[in-house]
Amino acid sequence: MILRWFLLAVFISATVTVAYPSQPLFNTSLSYEAGNFPLDVMAADVDGDGDADLITANRGYRWVQEDSTISILENKGDGTFELRTDFVIGLQPTSVNPLDLDGDGDLDLAVTAEDGFLYTLFNDGNGLFGTKIGYFLATYYFPSSAAFDADNDGDLDLAVSDYAASKLHILKNGGDGGFSIDASHSLAAQPTSVCFSDFDADGDLDLALANEGGPSKITLLKNEGDGTFANSGSYGTQALAARSILAADLDLDGDADLIAVDFSDSTVSVLKNDGDATFSTEVRYPVGRNPTSVTASDMDGDGDPDLVATNSHEHSLSILLNLGNGVFAPKIDYEVGLIPVSVFACDLNGDAHPDLAAANYFSSSISVLKNKGDGTFMAGTRLKTGITPAGVLTADFDGDGDYDAAAANSLSSTFSLFLNKGGGTFDPQAVYPTGNLPVSIHSADVDLDLDVDIVTVNAEDNTLSIIPNGGNGGFVGKLDLKIGMHPRVVSLADLDQDDDPDLVVADDSLNAVLVSLNSGYGTFGPPVPYMIGEAPFDFISKDFNGDKNPDLAVVTRESNTLAILKNQGDGSLVMQAQYNTGTEPLAVYASDLDGDKDQDLIITKKHIPEGTEGNISILKNGGDGTFTPGGGCQGTSNSSLSFAFDGDGDGDADLAVVNPRNNSISIFKNEGGGIFADRTDYGTGITPASLSAADLDRDGDQDLFVANRSSNTVVVLENLSNNGCPVKRGDLNHDCFFTVEDIILELNCLTLNSGNCPLVLTDVNCSGEATGADLISLLRAVFLGTPLPCP
C-alpha cells in the first residue's frame, strides 16, 4: 500500500508542472529597480515566452556612456519580474519602441537618444540584444518616437519628433530592419510627443503631435497614401505645455479621438474626432500636478477605454474612468515612485485585466500596479495624518483586543491616533498635542494603570512628552520633561527590573544615551548620560547576553560604530564592546534571525562598504552578547531603516527595510538560519519614514503600518499570506483546504527545495523534518479524507 502511494507521488511529480507563481506578500504595488533616471517604459514579450516583459529607456547621468541604458525585466509569468538586464546604448536614451524590425518573429527595439541618433537593437530570439545600428538625426533634446506602417508595405516605419529643431523625421523601413531618412517636416512649434491613427478613415495612418511652444499645441499630419505627409491643420488648445499625445476611440464611434496632457495646467484634454480628422473643442479634465504622459486602456472591463496620466510632481497616477461616450469621471490617484514620467497599460499577470507600469525618474524605478478587475488597483489603505509623520507604532490603546496605531507628526507637533474598528479598518485620526517637533514615538504602560500610554521625543524644544491614556483609547493632557540638547530617539524598557518602564533617549549633540529610571507610576528620575561616540543615531533595547536584563545596542553615525552597553541589573550600563559598522550607520534593530534563541542585530548603512554584501549588515549573537559578521543584504541606494517580523508565517524573522526615495519598503524573506532571499519591493506612500508590524485584521499574519512623511499619510498594507486562514500543517497554499496544489507544493519542497517550505507547513507528521512520510500523509488526506496525524 505504501508503495502505491509513493508511486502516485512520483507520477504526480513527473507529470505536473511543480512551479507555482510567487504571489505578492502585501496588497500594494510592486517596485523594481530600473537603470538611472528612466524616461520611458513599455511592455512587450521580448523573450517569446508568452508574457509581457518590461522595457525602460534610462537617461542616466549626463553624458556618461556606461550609464545610458535600456533595461529589460523579464516577466516570471505571474506579473512579477526578474532583476533587470541592462544594454548600453548611445548617450541619454529618451524613448523605446519594441517592434519586429527584421521580420524574424521576435521583437527588436528602436531607441531615441539625446546624442542625435536613433538606434535599433536586434533581438537574438531570447530577449538578448546584440547588433546595434545608429541613424544620425541631429536631435538633441528629449526626442520621442512612434512605430507605424507609414506606406502600407507591411513593415514598421518610424516617426521621430525633434524638439530642438521643431521638426518631425520619417524613417522608412527597407524590409530588412534597415532604415533611411525619408523626410523631415518643419513645424511651427516644438514637438514633445507623436502618435498615429487613421484619423480621416482613408485606410492609411496619419500622425498627430503635441507641441510645447508656439500657438498650436496639436499638429495633425495627414498621410497622402504613400507614406508622405502634409500638414492638414493645427489645434490651439488652452494647453500651455502639451507634453504627451495619444489616439484612442474614446466614444466608440469608430474613429480615433485625441488626448493630450498639459504639464503647466495639470489637465488632460480630450478632443473628439468628428469622423473626418476635424476635432471638436477640447474638454479638459483635472489630474495631478504636472502630468507628463497619458495612456488609454479599458481598466474596468466595461468596453470603453479609460485614461491614466502620470503626475510628475505629485508622484502619482491619475485614473479617469470612461462613463461612456468619451466622458470621464473625476480622477482617482495612486501614489508611485518619485517623479513618474511614463506609464504603460498591459495585462502583466495573465488575468485578462490591464495592469499598469510607471517609470519613476528620480527613484530610478518602475512601479507595477495590479488591476483588481474593476479599474481599481492594489495600493493598500491610506489614512490622513498631521504634517510630516516621522514615527509610527501599533498597540492596543482602547483595550478591545485588536491593534490600533499612532503616528508622531513632526511639523504639526501632534500625534495621530487610529483606533481599529475591527478587521483592520480604522477610524479617522484623533489628534493630540505633543512637544515641538516630535521625531520619535514609543508606547508602554508608563503609569501602571493597565493601559498603554504614549511618549514622544521632541527635537525643537529638547523635551519628552508623556501623554497618559485615559483608559479607553482617549488621551488626556501631557507632561513635558526637559532632556538633553538634541534628542532624536526614545524607547521604553524596564532596565532596573522593578516592573515599570524606564526611559532611554539618544542625543546626537551630547554624543550620549540618556537613561531616566521610572520612580513609579510615571515619574522619572534625572537622566544619566552614557557617552557613546559621535552622533548616536539609533538604538535598540534587548537582552543580548541572556541574563534577563535589557541591554542597549547603539549606532553612531559620525563614529561609524556599534556600541553594546551591558545592563548591570540595576538599570546602570557599562560599555561591553564596540564594533566598526562601515560608513554612516542609520538604524539598528534586533531579532532572533537564525533561530538560536538569542538576539542578532541588523544594521542599515547609508553607503555600501567595499568588500561587503550590501548596505544591510547582519551581526550574529554568540549567545553572550558578543557579535560576529553574519552576512548581509543589498537594499536600495537609499535604504534608511530596518525592521524584523515574521512576514510569511514560517516561524522565522524576515526583514522589512524603508526606502524613502523609492517610495517603497523592501522585504527580505528569511530562508532559514538567518540567510535571506533577494528583496521584493512594495509601494508605500511618498517618502516612507517608519513602519510597525501587527496582525491588524486578526487573520493570523503580520500586516504593516507605514508612515509617509511627504504625503502626510499612513498606509495599511494587508498581509496576503493567510487570506483569513490560520497557519496549518499541510495547507501550503493557505486556502484553508488540503488539495492537489498542496501536494505539488510539498513535492516542490521535498524534491526541488523550492518555494515556501517552513517545517510548520511541510512537517505534516511532526517528526521534526520534512520527509516522504509527510507526503504520504498529505496524499491520504487529499484523496481519502484521512485526518493528518499531527493537525
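This report walks through some aromatic pairs, a helix, a sheet and the cysteines of the structure above.

## Before you start

The model is predicted, so a local feature needs pLDDT of at least 70 and side-chain atom pairs count only at pLDDT 80 or more, while totals for chains, interfaces and linings use all residues. Residues are numbered from 1 along each chain as its sequence is written, and side-chain values use heavy atoms, with hydrogens and water left out.

## Rings that meet

Let's start with the aromatic rings. A search of the whole structure turns up 24 aromatic pairs. Rings of Phe, Tyr and Trp (its six-membered ring) count as a pair if their centres lie within 6.5 Å; planes under 30 degrees apart are stacked, over 60 edge-to-face, and the rest tilted.

Take phenylalanine 397 and phenylalanine 475: their ring centres are 5.8 Å apart and their planes sit at 70°, so this pair is edge-to-face. Phenylalanine 397 is in the loop between β32 (389–395) and β33 (404–409), and phenylalanine 475 is in the loop between β40 (463–467) and β41 (479–482), so the pair ties together parts that are 78 residues apart in sequence. Helices (H or I, at least four residues) and strands (E, at least two) are DSSP runs, numbered from the N terminus. Both phenylalanine 397 and phenylalanine 475 are buried; buried means under 20% relative accessible area, exposed over 50%, and partly exposed in between (1.4 Å probe, protein chains only).

Phenylalanine 426 and phenylalanine 705 are both buried. Elsewhere, Phe26, Tyr589, Phe643, Phe645 and Tyr682 make up one aromatic cluster.

## Charges over rings

Some rings have a charge over them (NZ of Lys or CZ of Arg within 6 Å of the ring centre and within 35 degrees of the ring normal). Arginine 243 lies over the face of phenylalanine 263, 4.0 Å from the ring centre. The charged end of arginine 488 is over the ring of phenylalanine 537, at 3.7 Å from its centre.

## Helix α2

Helix α2 (residues 740–752) has 13 residues and spans 17 Å from first C-alpha to last, close to the 18 Å expected, where the expected span is 1.5 Å times one less than the number of residues. Its buried residues include Ile743, Ile744, Leu745 and Leu747. Just after α2, asparagine 753 has a positive phi of about 50°.

## A four-stranded sheet

Four strands form an open, antiparallel sheet in the order β10-β11-β12-β13; two strands pair if DSSP finds at least two bridges between them. The edges are β10 (144–148) and β13 (179–186), each pairing on one side only. Inside the sheet, five bridges join the antiparallel strands β11 (residues 157–162) and β12 (residues 167–173). Alanine 159 stands opposite isoleucine 170 in β12.

## The cysteines

There is one disulfide, meaning a pair of cysteine sulfur atoms within 2.5 Å. This disulfide joins cysteine 766 to cysteine 790, with 1.5 Å from S to S. The link is left-handed, with -65° about the S-S bond. Cysteine 766 is partly exposed, with a relative accessible area of 33%, while cysteine 790 is buried at 16%.

Cysteine 346 is another story: the closest cysteine sulfur, in cysteine 195, is 19 Å from its own, too far for a bond. Cysteine 346 is buried, with a relative accessible area of 19%.
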